[in-house]
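Here is a short briefing to read alongside the model. Please keep the structure open while you go through the points.

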Amino acid sequence: SSGINAEYGEQPIAVEEPVEPPKNPWSHSLFGCFGMDTKLLGLSLCCPCITFGANAELLGEDWMLYCLFCMLPGPMCYFGPYIRNKIRTTFEIEGSDTDDVLSYLFCPCLAIVQETQQLKSA
């Protein structure tokens with residue numbers, strides 16, 4: 001069939017695939033909280049449920065419900081990454097669902113601080 005196209009002088013049609021716009025980085029790194037807001041870090045280390053509930057409320061979720069979720073390890077394994085994903089989607093931040101789960105699995109308080117700083121910078 002390529003011989004037929006050559007006979008008639010037809011050029012193959014190039015189809016461009018859509019290109020996703022580049023994603024933004026987080027406004028602060030996961031470990032950037034150590035040189036930043038010490039009050040926020042202290043609150044998140046002592047009472048992460050308060051900060052987590054406030055973050056959820058800024059995203060249109062129920063503060064009290066998410067505060068309670070934060071007190072229970074089972075639901076937090078789901079709702080922590082859910083809120084993180086919602087922030088990434090809202091601000092078009094680079095990352096993946098796996099990154100979100102790992103952040104909450106290994107350093108949940110730092111993830112909460114990073115999310116708070118992102119929401120404050122908006």
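At 5% relative accessibility, Gln-117 counts as buried, where buried means under 20% relative accessible area, exposed over 50% and partly exposed in between, with a 1.4 Å probe and protein chains only. Gln-117 belongs to helix 7, residues 108-121. This is a predicted model, in which local features need pLDDT of at least 70, side-chain atom pairs count only at pLDDT 80 or more, and totals for chains, interfaces and linings use all residues. Residues are numbered from 1 along each chain as its sequence is written, and side-chain values use heavy atoms, with hydrogens and water left out.

**Overall fold**

- The chain has seven helices and zero strands; helices (H or I, at least four residues) and strands (E, at least two) are DSSP runs, numbered from the N terminus.
- Along the sequence, the pattern reads α-α-α-α-α-α-α.
- Of the 122 residues in the chain, 34% are buried.

- Gly-53 lies in helix 3 and is buried, its relative accessible area being 0%.

**Helix packing**

- Two packed helices are described by the angle between their axes and the distance between the axes.
- Axes here are lines fitted to C-alpha atoms, for helices over the stretch in contact, and angles run from 0 to 180 degrees between N-to-C directions.
- Helix 2 (residues 38-46) packs with helix 7 at an angle of about 140°, and their axes are 9 Å apart.
- Helix 2 and helix 7 are therefore oblique to each other: angles under 35 degrees count as roughly parallel, over 145 as roughly antiparallel, 65 to 115 as roughly perpendicular and the rest as oblique.
- The crossing of helix 2 and helix 7 is right-handed; a crossing is left-handed if the near helix is turned anticlockwise from the far one by less than a right angle, and right-handed if clockwise.
- Helix 3 (residues 48-58) and helix 4 also pack at an angle of about 140°, with 8 Å between their axes.
- That angle makes helix 3 oblique to helix 4.
- Helix 3 crosses helix 4 in a right-handed manner.

**Salt bridges**

- How many salt bridges does the structure hold? There are five, a salt bridge being a side-chain nitrogen of Lys or Arg within 4 Å of a carboxyl oxygen of Asp or Glu.
- One of them pairs Glu-61 with Lys-86, with the closest N and O atoms 2.4 Å apart.
- This pair links distant parts of the chain, since Glu-61 sits in the loop between helix 3 and helix 4 while Lys-86 sits in helix 5 (residues 73-91), 25 residues apart.
- Lys-86 counts as partly exposed, at 23% relative accessibility.
- Asp-100 forms a salt bridge with Arg-84, where the closest N and O atoms are 3.6 Å apart.
- That pair connects helix 6 (residues 97-106), which holds Asp-100, with helix 5, which holds Arg-84, across 16 residues.
- Both Asp-100 and Arg-84 are buried.
- Asp-100 also meets Arg-88 in a salt bridge, at 3.0 Å from N to O.
- Here too the pair links distant parts of the chain, with Asp-100 in helix 6 and Arg-88 in helix 5, twelve residues apart.
- Arg-88 is buried, as is Asp-100.
- Through shared partners, salt bridges join Arg-84, Arg-88, Asp-97, Asp-100 and Glu-115 into one network.

**Nonpolar surface patch**

- Met-64, Leu-68, Met-71 and Leu-72 make a nonpolar surface patch of about 390 Å².
- Patches are made of residues with over 30% relative accessible area and no salt bridge: like charges are joined within 9 Å, nonpolar side chains (Val, Leu, Ile, Met, Phe, Trp, Tyr) within 5 Å.
- Accessible areas come from the Shrake-Rupley method with a 1.4 Å probe, and for residues only the protein chains shown count as cover.
- Leu-68 is in helix 4 (residues 63-71) and is partly exposed, with a relative accessible area of 42%.

**A backbone detail**

- Most residues other than glycine have a negative phi.
- Glu-92 has a phi near 50°, a positive value in a residue other than glycine.
- Glu-92 lies in the loop between helix 5 and helix 6, and its relative accessible area of 47% makes it partly exposed.
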